[in-house]
Amino acid sequence: MRWGGDMAAEKRIAVYPGSFDPLTRGHLDLIQRGARLVVRLVVAVLVNSAKEPLLPEAERVELVARETREESRVEVRAFHGLVAHLAAEVGARWLLRGVRAAADLEFELPMAHSNHLLGQPGVETVFLPARPELTFISSRLVREIARSGGDLKPFVTPGVVKQLKAKVRDK
Ligand code: PNS
């Protein structure tokens, strides 16, 4: 597949990959802003080999799908394998990632360079800055707070709070 130099609508497809364990208010904001830049945004729930997930994949997909149901340009799916291969499968030219602080780039830049090499010619990672009021939020903190019964409202939507409470109660 080769991309032309123009920005034709049919090429404005992006993949937003992540582990979404769970979806945070930061992720949701990025999905909403990202969706306005493209004609189709594929939110892909993937495996991060460095993390042991709290929520099973099916629940993560379901939560993201439920919380983004109003977004007509967004579709949610699980994917096993490399993001670059998913991008080729769905015809996405862009990979979307959020950056909360400079420290995020230590992880993000090697990944962006790798995905550039692994992907179809012209595949680019596009970074959106997290909104300042959401930069402190991370899924890791949310999992920690959930396990200890803290107030999750500032971090995640009510639907996610409910799911997490049920999850830690059942454990
Ligand atoms: O939300 P996260 O945990 O920061 O997301 C990391 C994720 C899932 C995007 C990353 O681990 C990933 O892309 N995993 C799939 C394998 C892959 O394509 N890795 C990047 C190229 S080496």
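Me: Where in this predicted model is Leu-41 placed, and is Leu-41 buried or exposed?
Reply: The model is predicted. Leu-41 has its place in strand E2. Its relative accessible area is 0%, and buried means under 20%. Leu-41 of strand E2 is therefore buried.

Me: How far is Leu-41 from Ala-92, C-alpha to C-alpha?
Reply: Along the chain, Leu-41 and Ala-92 are 51 residues apart. Contacts of Leu-41 beyond four places in sequence include Tyr-16, Ile-31, Val-74 and Leu-96. The separation of the C-alpha atoms of Leu-41 and Ala-92 is 8.7 Å.

Me: Which side chain forms a polar contact of 2.9 Å with the side chain of Arg-40?
Reply: Setting aside residues up to four places away in sequence, Arg-40 touches Arg-12, Ile-13, Ala-14, Arg-73, Glu-75 and Val-90. Val-90 is 50 residues from Arg-40 in sequence, with 9.9 Å between their C-alpha atoms. The polar contact of 2.9 Å joins the side chain of Arg-40 to that of Glu-75.

Me: Which backbone oxygen does the side chain of Arg-36 reach?
Reply: Arg-36 is in the loop between H1 and E2 and is exposed, with a relative accessible area of 55%. Beyond four places in sequence, Arg-36 is in contact with Glu-71 and Arg-73. Its side chain reaches, at 2.3 Å, the backbone oxygen of Gln-32.

Me: Which helices and strands do the buried residues of H2 pack against?
Reply: Helix H2 covers residues 57–67, and its buried residues are Glu-59, Arg-60, Val-61, Leu-63, Val-64 and Glu-67. Their packing partners include strand E2 (40–45), where Leu-41 has its place.

Me: Which residues come nearest to the ligand?
Reply: There are 14 residues around the ligand. Among them, Ser-19 has a polar side-chain atom 2.5 Å from an oxygen atom of the ligand. The residues that come nearest are Ser-19, Asn-48, Lys-51, Val-83 and Arg-97.

Me: How much of the accessible area of the ligand does the protein cover?
Reply: The space taken by the ligand is the largest pocket. A polar side-chain atom of Asn-48 lies 2.9 Å from a ligand oxygen, and one of Lys-51 lies 2.7 Å from a ligand oxygen. Of the 550 Å² of accessible area that the ligand has on its own, the protein covers 80%.

Me: Which element gives the most to the shell around the ligand?
Reply: Strand E1 (13–18) and helix H4 (102–118) each supply at least two residues of this shell. The element that gives the most, with three residues, is H4.

Me: Is Asn-115 buried or exposed?
Reply: Asn-115 is found in helix H4. Leaving aside neighbours within four places in sequence, Asn-115 is in contact with Val-83, Ala-84 and Leu-95. Its relative accessible area is 11%, and the limit for buried is under 20%. Asn-115 is therefore buried.

Me: What kind of peptide bond joins Asp-21 and Pro-22?
Reply: Pro-22 lies in the loop between E1 and H1. For the bond between Asp-21 and Pro-22, omega is about 0°. The peptide bond is cis.

Me: What is the phi of Phe-20?
Reply: Phe-20 is in the loop between E1 and H1 and counts as buried, at 2% relative accessibility. Phe-20 is not a glycine, yet its phi is positive. The value is about 50°.

Me: Which backbone oxygen does the side chain of Ser-139 reach?
Reply: Ser-139 is in helix H5 (residues 139–147) and counts as buried, at 11% relative accessibility. Outside the four places on either side in sequence, Ser-139 touches Asp-21, Pro-22, Thr-24 and His-27. Its side chain reaches, at 2.9 Å, the backbone oxygen of Pro-22.

Methods
Residues are numbered from 1 along each chain as its sequence is written. This is a predicted model: local features need pLDDT of at least 70, side-chain atom pairs count only at pLDDT 80 or more; totals for chains, interfaces and linings use all residues. Side-chain values use heavy atoms; hydrogens and water are left out. Buried means under 20% relative accessible area, exposed over 50%, partly exposed in between (1.4 Å probe, protein chains only). Helices (H or I, at least four residues) and strands (E, at least two) are DSSP runs, numbered from the N terminus. Contact means heavy atoms within 4.5 Å. A polar contact is a pair of N or O atoms within 3.5 Å; within protein, one must be able to donate a hydrogen and the other to accept it, and residues adjacent in sequence count only if both atoms are side-chain atoms. A residue is near a molecule or strand if one of its heavy atoms lies within 4 Å of it. Accessible areas come from the Shrake-Rupley method with a 1.4 Å probe; for residues, only the protein chains shown count as cover. On a 1 Å grid over the protein atoms alone, a cavity is a set of points where a 1.4 Å probe fits but cannot get out, and a pocket is an open set with protein on both sides within 12 Å along at least five of seven lines; lining residues have an atom within 4 Å of a point. A molecule sits in a cavity or pocket if more than half of its atoms lie within 2 Å of its grid points.
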